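User: I would like to go through this model by question and answer. Please start with the terms needed for the ligand shell.

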Amino acid sequence: MNKRGNFIVIEGIDGCGKSTQTKLLSDFLSQNEHHIILKKYPEYGKPIGDLINNWLYSKDYDFNVEAQTLLYFADFIKDKEYLENNLKNGRIILSDRYFTSTMVYQRIKGMPISKLNILAQTFGLIKPDKVIYLRISPKTSFERKLQQKELDRHEGDKKFLNVLFNNFEKTARECNWEVVDGERPIDKVTKDIINIINKII
Ligand code: ADP
């Protein structure tokens, strides 16, 4: 029987390097004979992800916090069997954001973590084996994202970015996420993450 795989989530505010690092980690681990599954949430380009994306960029309508929460949950729940089967088959799943992001964003909007955990339990959400939080300042986030693209309703709001940073810090402490300094050069950040991952795979 295969050894069970690992579910690793890379977290942090926009621009902290989640996509850059998940891609680099996937290349590195694949070269070292690991079978990698890459995920990115929300899953834009799929029906639920597109609903979320339309809301994020909409100036015409808003969802209340409960509806937002359930949309994000639906995006994770739809992959439950897929994630579980891959873990059973020994794969390493690297995910750019997950339920862990929902915890941070929705608690800011007034949904307590205790309620989110009840929902996660009710729906049988797959638990990550490790959450790695790439820490950068709100200032770095804003500068990096500005160079990249049009900003959504969260990314363009500097005040919200500060609140988001504080809540990432708080949630990381409460939930024992591994913290990696994302302000360092890309290759140094990758090295730090590999050291963490090597201890569990
Ligand atoms: P996220 O997925 O967290 O939003 P990205 O990986 O898309 O972040 O990175 C945002 C931008 O910052 C990209 O242009 C990327 O090349 C750059 N970047 C990522 N990590 C670093 C780093 N450690 N130092 C400098 N720039 C970085």
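Analyst: Ala, Val, Leu, Ile, Met, Phe, Trp, Tyr, Cys and Pro count as nonpolar, Asp, Glu, Lys and Arg as charged, and the others, Gly among them, as polar. The model is a predicted one.

User: How do the residues of the shell around the ligand divide into nonpolar, polar and charged?

Analyst: The ligand is surrounded by 15 residues, and Gly17, Lys18, Ser19, Thr20 and Arg144 are the closest. By class, the shell around the ligand holds four nonpolar, seven polar and four charged residues.

User: What is the order of the strands in the open sheet?

Analyst: The edge strands, each pairing on one side only, are β2 (36–40) and β5 (178–181). Neighbouring strands are turned against each other by 20 degrees on average, direction ignored. The sheet has five strands with parallel pairing, in the order β2-β3-β1-β4-β5.

User: Which residue in β5 stands opposite Arg135?

Analyst: Strand β4 (residues 130–135) pairs with β5 in the parallel sense, over four bridges. In β5, the residue opposite Arg135 is Asp181.

User: At what angle does helix α1 run to β3?

Analyst: Helix α1 covers residues 18–31 and lies across β1 (6–11), β2, β3 (92–96) and β4. Its angle to β3 is about 165 degrees.

User: Are α3 and α5 roughly parallel or roughly antiparallel to each other?

Analyst: Helix α3 (residues 65–77) packs with helix α5 (residues 99–108) at an angle of about 175 degrees, and the axes are 10 Å apart. Angles over 145 degrees count as roughly antiparallel. The two helices α3 and α5 are therefore roughly antiparallel.

User: How many nonpolar, polar and charged residues does the contact of α3 with α5 have?

Analyst: From α3, the residues Val65, Gln68, Thr69, Tyr72 and Phe76 meet Phe99, Thr102 and Gln106 in α5. The contact of α3 with α5 has four nonpolar residues, four polar and no charged ones.

User: How many of the 10 residues of α5 are buried?

Analyst: The buried residues of α5 are Phe99, Thr100, Ser101, Thr102, Met103, Val104 and Gln106. They pack against β1, α3, α6 (113–122), β4 and α8 (158–174). Helix α5 is largely enclosed by the rest of the structure, because the number of its residues that are buried is seven of the 10.

User: Is Glu33 buried or exposed?

Analyst: Glu33 is in the loop between α1 and β2. Its phi is positive, about 70 degrees, although Glu33 is not a glycine. Glu33 has 6 other C-beta atoms within 10 Å, so Glu33 is exposed.

User: Is Arg97 buried or exposed?

Analyst: Arg97 sits in the loop between β3 and α5. Its phi is near 75 degrees, a positive value in a residue other than glycine. With 23 other C-beta atoms within 10 Å, Arg97 is buried.

User: What is omega for the cis peptide bond that joins Tyr41 and Pro42?

Analyst: Pro42 has its place in the loop between β2 and α2 (47–57). For the cis bond from Tyr41 to Pro42, omega is about -10 degrees.

Definitions and conventions. Residues are numbered from 1 along each chain as its sequence is written. This is a predicted model: local features need pLDDT of at least 70, side-chain atom pairs count only at pLDDT 80 or more; totals for chains, interfaces and linings use all residues. Axes are lines fitted to C-alpha atoms, for helices over the stretch in contact, and angles run from 0 to 180 degrees between N-to-C directions. Angles under 35 degrees count as roughly parallel, over 145 as roughly antiparallel, 65 to 115 as roughly perpendicular and the rest as oblique. Two residues are in contact if their C-beta atoms, placed from the backbone, lie within 7 Å. Two strands pair if DSSP finds at least two bridges between them. A residue is near a molecule or strand if its C-beta atom, placed from the backbone, lies within 6 Å of it. A residue is buried if 20 or more other C-beta atoms lie within 10 Å of its own, exposed if 12 or fewer, and partly exposed in between; C-beta atoms are placed from the backbone.
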